[in-house]
Amino acid sequence: MNRDSFAAGERLVSPAYVRQGCEARRSHEHLIRLLLEKGKCPEDGWDESTLELFLHELAIMDSNNFLGNCGVGEREGRVASALVARRHYRFIHGIGRSGDISAVQPKAAGSSLLNKITNSLVLDIIKLAGVPAVTSCFVVPMATGMSLTLCFLTLRHKRPKAKYIIWPRIDQKSCFKSMITAGFDPVVIENVLEGDELRTDLKAVEAKVQELGPDNILCVHSTTSCFAPRVPDRLEELAVICANSGIPHIVNNAYGVQSSKCMHLIQQGARVGRIDAFVQSLDKNFMVPVGGAIIAGFNDSFIQEISKMYPGRASASPSLDVLITLLSLGSNGYKKLLKERKEMFSYLSSQLKKLSESYNERLLHTPHNPISLAMTLKTRGEHQDKAITQLGSMLFTRQVSGARVVPLGSVQTVSGHTFRGFMSHANNYPCAYLNAASAIGMKTQDVDLFIKRLDKCLKTVRKEQNKESNVSGVDNYDKTEDVDIEEMALKLDNVLFDTYQNSS
């Protein structure tokens with residue numbers, strides 16, 4: 001209500017009570033005004049009543065919510081289900097216009113304002129997370145792979161002769177397919193093994209630049225966040241190569257916002273060399289539903305070019321989700337989550353190290369990877385690969401999600417290109433292993449439960465291996481352990497084994 005409404009209310013209720021209510025509303029409005037004036041994430045998170053007031057105020061600025069609106073076009077924000085309307089806080093028109101996803105939409109002033117505020121808050125958080133030099137960004141309603149494709153398509157107009165993208169290998173299908181979908185030929189640069197870590201082969205990158213010629217190369221496509229034993233690319237060195245050769249540089253920073261180390265690499269790469277854009281996922285970094293990403297960079301005009309390359313209007317849902325999340329957390333809340341994630345990484349590392357040693361295994365030494373860990377998996381018996389994959393199936397049936405088992409010698413063809421040793425980021429990594437990651441939002445109880453269930457699964461696998469290898473027929477497994485639940489789970493494992501193997 002405005003001042004006139006409050007004044008009218010004083011005729012019905014004690015003026016003292018009305019003035020108290022008016023002051024309470026002003027406190028909400030003060031927070032909203034500060035947000036609009038500064039365009040930065042508030043330090044302390046908002047309560048739900050302030051958030052809902054803000055969203056409702058924005059929504060009634062859209063034409064579909066005007067009282068007496070008469071729409072005679074083909075897109076008037078009509079929604080058949082009231083449940084759908086409430087789910088979206090009645091933001092129906094989406095964001096952008098047909099020629100630019102960042103443009104203001106005349107029919108939807110509220111949605112356009114929501115879009116601008118969200119991009120401003122996300123830019124503030126990226127700076128806070130470790131890239132203070134970033135100048136521009138926008139939320140796009142596509143996941144990381146398609147957002148990378150959009151970057152490559154934008155570069156096509158700048159480099160019409162370019163055919164190739166230089167790509168230090170990372171075994172993640174969407175990264176590879178993002179280049180194929182854009183119509184380019186990925187030039188796969190195999191990683192080099194340094195200790196346990198797989199690192200960027202800079203000499204091979206430089207050799208390919210010389211062989212192909214800079215004008216024929218669209219960009220270098222590097223990666224920060226990745227599964228151990230692969231570690232983030234040598235971004236500073238790659239950025240220098242790109243700057244010296246006049247080649248654009250696009251960074252896949254999928255879940256790197258939550259890692260100060262990944263963000264520092266991007267900041268340093270831009271400082272000493274060239275990084276044109278870096279792309280990160282909304283769901284992995286901000287704990288919102290899948291479906292959005294952030295494209296950010298150090299040159300306003302180039303980031304605007306990317307936004308104009310997006311055809312048509314776009315869904316406002318990812319922008320709405322991240323706006324609500326950031327206003328709920330505040331910058332202090334998000335910083336707290338980043339701090340807790342680091343602590344959980346250390347805890348997960350120590351617990352996984354203890355468990356691995358108890359089974360005569362080893363936690364791989366990958367100090368340059370700040371998010372993912374890997375533990376060796378030794379097997380005995382005739383069916384080693386099956387035993388390792390079976391472990392992954394067992395974890396899955398025991399509701400452990402996210403852990404990956406990587407056997408030796410897996411071969412997979414992705415968009416016509418055959419990868420040997422697929423999932424291990426190398427043709428011939430020395431050992432099979434299991435991955436686990438400490439991502440934002442993980443709690444101590446998640447680590448403890450994972451270690452407990454992994455311990456049980458490893459015991460069961462070792463039991464089966466002992467049966468195979470014990471030629472005297474004596475089972476060395478501890479019979480005193482209660483294995484009724486495990487035997488039931490094993491039956492389920494056998495049913496779901498093939499499904500897990502195919503999904504891997």
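Residues are numbered from 1 along each chain as its sequence is written. Because the model is predicted, local features need pLDDT of at least 70 and side-chain atom pairs count only at pLDDT 80 or more, whereas totals for chains, interfaces and linings use all residues; side-chain values use heavy atoms, without hydrogens and water.

Eight aromatic pairs were found in a search of the whole structure; rings of Phe, Tyr and Trp (its six-membered ring) pair if their centres lie within 6.5 Å, and planes under 30 degrees apart count as stacked, over 60 as edge-to-face and the rest as tilted. The ring centres of Phe 286 and Tyr 334 are 5.3 Å apart with planes at 20°, so this pair is stacked. Both residues, Phe 286 and Tyr 334, are buried (under 20% relative accessible area, with exposed over 50% and partly exposed in between; 1.4 Å probe, protein chains only). Phe 419 and Phe 422 form a tilted pair, with 5.8 Å from centre to centre and 55° between the planes. Phe 419 is buried at a relative accessible area of 3%, and Phe 422 is buried at 5%. Ring pairs also join Phe 419 and Phe 422 with Trp 167 and Phe 176 in a cluster.

The chain is divided into domain 1 (3–68 + 75–88), domain 2 (109–329) and domain 3 (335–469), with bounds from an automatic or database domain assignment. In domain 2, 35 residues are in contact with 39 residues of domain 3 (heavy atoms within 4.5 Å). One salt bridge is counted between domain 2 and domain 3, defined as a side-chain nitrogen of Lys or Arg within 4 Å of a carboxyl oxygen of Asp or Glu. The side chains of Arg 362 and Asp 196 meet in a salt bridge, at 2.7 Å from N to O.
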